[in-house]
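Open the structure in your viewer and keep the selection panel at hand. Each stop below gives you something to select and tells you what is there.

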Amino acid sequence: MNNSEKTGINKEKAKDEDISSEIMKRRWVPSSFRSIPWECFQFAGYEIKLRETTDCYGAYVWPSALVLCYYLEHSQKENHLIDKNVIEIGAGTGLVSIVAGLLGCHVIATDLPHLLGNLQYNISRNTKLRSKYQPQVRELRWGVDLESKFPRNACQYDYIMAADVVYSHPYLDELLMTFDHLCQDNTIILWTMRFRLDEDNDFVKKFQCIFDTEVIYDLPTLQIKLYKAKRKVLQTGKMI
């Protein structure tokens, strides 16, 4: 390895460490609420306070959500977020949907039925009188009744957002089916993922068979990547 290659690697490492450190600084526990499961975050010029629990995977804010929020905040002009239609799958506590709403998007936050109460509470608490459009909360079971609940000809999204939806669970095929159903020709997918198991890489390979995928952030410090994807175009000019 020559000196220029070493210099390049050192610069990438320093960039990763700087971004990772900046992202994690956006999260803190308010000292006056130590006995209550609250966490605070700073994005889009607002303090965001979320109710969460460690008893349920979907009711806790994982670092991948912070990475996606950081990107949204730093790419507003590039992605022209104002007035865009956004759906978040696996919204959990709602942080990504809240930040997208604060940045001017029409947002639909989705998750499983048992998570919707807390999701609605967090979104209402942090977006009321702050967001241009009040985000909606809807049930979405991956791969189930997609056409009846989210018909392709009526539900067209500029962005699909997802944070840490790939982990050791038995619904990865249904998750891919959901991405495929919701993604129109011009839809952009923004998806953050923490790599844990070899199965995670298998999902990425299947995902890349359908979508052209670009890595926006690669943060080894956090073991997280941020992907930006669009539906693939065949040589005939038709979408997959």
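**Stop 1: the second largest pocket**

Start with the second largest pocket, which holds about 150 Å³ of space. This is a predicted model. Select E12, K15, D16, I19, I216, Y217, D218, L219 and P220 to show the residues that line this pocket. Now colour by element. Helix α1 (3–24) and strand β9 (211–219) each give at least two residues to the lining. By class, the lining has five nonpolar and four charged residues, and no polar ones.

**Stop 2: the largest pocket**

Move on to the largest pocket, with a volume of about 530 Å³. Its lining counts 31 residues; select G58, G90, D111, W142 and Y167, the closest to the pocket centre. Then show α4 (95–102), β5 (106–111) and α5 (113–127), the elements that give two or more residues to this lining. What classes of residue make up the lining of the largest pocket? There are 19 nonpolar, eight polar and four charged residues.

**Stop 3: helix α2**

Select residues 63–74. This is helix α2, twelve residues in length. From its first C-alpha to its last, α2 reaches 17 Å, close to the 16 Å expected at 1.5 Å a residue. How many of the twelve residues of α2 are buried? Eleven are, and the helix is mostly covered. Pick them out along the helix: P63, S64, A65, L66, V67, L68, C69, Y70, Y71, L72 and E73 are the buried residues. An α-helix has 3.6 residues a turn, so residues three or four places apart point the same way.

**Stop 4: D185 and its loop**

Go to D185, in the loop between α7 (172–182) and β8 (188–194). D185 and D158 lie 9.6 Å apart in space, C-alpha to C-alpha, and 27 residues apart in sequence.

**Stop 5: two cysteines**

Finish with C183 and C209. C183 counts as buried because its relative accessibility is 0%, and the cut-off for buried is under 20%. C209 is exposed, because its relative accessible area is 53% and exposed means over 50%. How many disulfides does the structure hold? The structure has zero disulfides. A disulfide is a covalent bond between the sulfur atoms of two cysteines.

Definitions and conventions:
Residues are numbered from 1 along each chain as its sequence is written. This is a predicted model: local features need pLDDT of at least 70, side-chain atom pairs count only at pLDDT 80 or more; totals for chains, interfaces and linings use all residues. Side-chain values use heavy atoms; hydrogens and water are left out. Helices (H or I, at least four residues) and strands (E, at least two) are DSSP runs, numbered from the N terminus. The expected span of a helix is 1.5 Å times one less than its number of residues. Buried means under 20% relative accessible area, exposed over 50%, partly exposed in between (1.4 Å probe, protein chains only). On a 1 Å grid over the protein atoms alone, a cavity is a set of points where a 1.4 Å probe fits but cannot get out, and a pocket is an open set with protein on both sides within 12 Å along at least five of seven lines; lining residues have an atom within 4 Å of a point. Grid points are joined across faces, edges and corners, and a volume is the space filled by probe spheres set on the points. Ala, Val, Leu, Ile, Met, Phe, Trp, Tyr, Cys and Pro count as nonpolar, Asp, Glu, Lys and Arg as charged, and the others, Gly among them, as polar. A disulfide is a pair of cysteine sulfur atoms within 2.5 Å.
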